[in-house]
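Hi everyone, thanks for coming. Please have a look at the sequence and the model on the screen, and I'll walk you through them.

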Amino acid sequence: MTQEDFLILLIIMAVIAAIVFVTLYFVEAGYGMLFNQKWGVPIPNKIAWVCMEAPVFIVMLVLWAGSERQFETVPLLFFLFFELHYFQRAFIFPLLIKGKSKMPAGIMTMGIVFNLLNGYIQGMWIFYLSPENMYSIQWLTTPQFITGTILFFAGMWINWQSDYIVRHL
């Protein structure tokens, strides 16, 4: 994939995101409290979550494994941060879900597609398309990296806390 193709993919994703954002003001999402079978066959929530979140973990792993940058410090840190987050989302979070709720197959499928594209976009940039010396060791001391790392771990902690609260309602 060229950088031009990558830019086109990013633009397409942004347009789709805007359409989905507006659409969800008029259409009920069809899962959780709004569960609706019109979105597809009901699938046990735990299975659906693993099916929906595991692809992004796998895509990033495959892109990392095939990259010549896999052991460069900054790309490796990005990879580890990403995989930590999605390991928890794909393999730990589903085990913690209480109850026997269901997710429609259509919602799960949309999640799979989004997560495949998410992993592909991020992995392609980090391991293949970013300028070769963009993420040097010195970059670890930049405000972008420090602020981004703090925000990443703060967001992950907030997400884990929110999941905990929801599970204990």
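**A walk through the model**

Let's begin with phenylalanine 152, which is partly exposed because its relative accessible area is 25%. For that wording, buried means under 20% relative accessible area, exposed means over 50%, and partly exposed is in between, with a 1.4 Å probe and protein chains only.

Before we go on, a word on where this comes from. This is a predicted model, so to speak of a local feature we need pLDDT of at least 70, side-chain atom pairs count only at pLDDT 80 or more, and totals for chains, interfaces and linings use all residues. Residues are numbered from 1 along each chain as its sequence is written, and side-chain values use heavy atoms, with hydrogens and water left out.

How confident is the predictor? pLDDT is its confidence in each residue, from 0 to 100. The protein chain has a mean pLDDT of 90, and 96% of its residues reach 70 or more. Among the elements, the highest mean, 95, belongs to helix H2 (residues 45-65), and the lowest, 87, to strand E2 (residues 102-104). Keep in mind that where pLDDT is low, the predicted coordinates should not be read in detail.

Now the overall layout. The protein chain has five helices and two strands. Helices (H or I, at least four residues) and strands (E, at least two) are DSSP runs, numbered from the N terminus. From the N terminus on, the order is α-β-α-α-β-α-α. Along the principal axes, the C-alpha atoms fill a box of roughly 50 × 35 × 30 Å. Of the 169 residues in the protein chain, 36% are buried. A contact means heavy atoms within 4.5 Å. Among contacts between residues at least 6 apart in sequence, 86% join residues at least 24 apart.

Let's turn to the aromatic rings. How many aromatic pairs does a search of the whole structure find? The search finds 18. Rings of Phe, Tyr and Trp (its six-membered ring) pair if their centres lie within 6.5 Å; planes under 30 degrees apart count as stacked, over 60 as edge-to-face, and the rest as tilted.

Take phenylalanine 57 and phenylalanine 87: their ring centres are 6.0 Å apart and their planes are at 50°, so the pair is tilted. Phenylalanine 57 sits in helix H2 and phenylalanine 87 in helix H3, so this pair ties together parts that are 30 residues apart in sequence. Phenylalanine 57 counts as buried, at 17% relative accessibility, while phenylalanine 87 is partly exposed, at 40%.

And here our opening residue comes back. The rings of phenylalanine 81 and phenylalanine 152 have centres 5.5 Å apart and planes at 15°, so this pair is stacked. Phenylalanine 81 is in helix H3 and phenylalanine 152 in helix H5 (residues 143-167), and the pair links distant parts of the chain, 71 residues apart. Phenylalanine 81 counts as buried because its relative accessibility is 16%. There is also an aromatic cluster, formed by Trp64, Phe71, Phe79 and Phe127.

Serine 67 lies in the loop between H2 and helix H3 (73-96). Is serine 67 buried or exposed? Serine 67 is buried, because its relative accessible area is 6%. Leaving out residues up to four places away in sequence, serine 67 touches Phe127 and Tyr128.

Next, three residues of helix H3. Alanine 90 lies in this helix and counts as buried, at 0% relative accessibility. Not counting residues up to four places away in sequence, alanine 90 touches Val50, Glu53 and Ala54. Glutamine 88 is also in helix H3, and at 9% relative accessibility glutamine 88 counts as buried.

How values were computed
pLDDT = per-residue confidence, 0-100.
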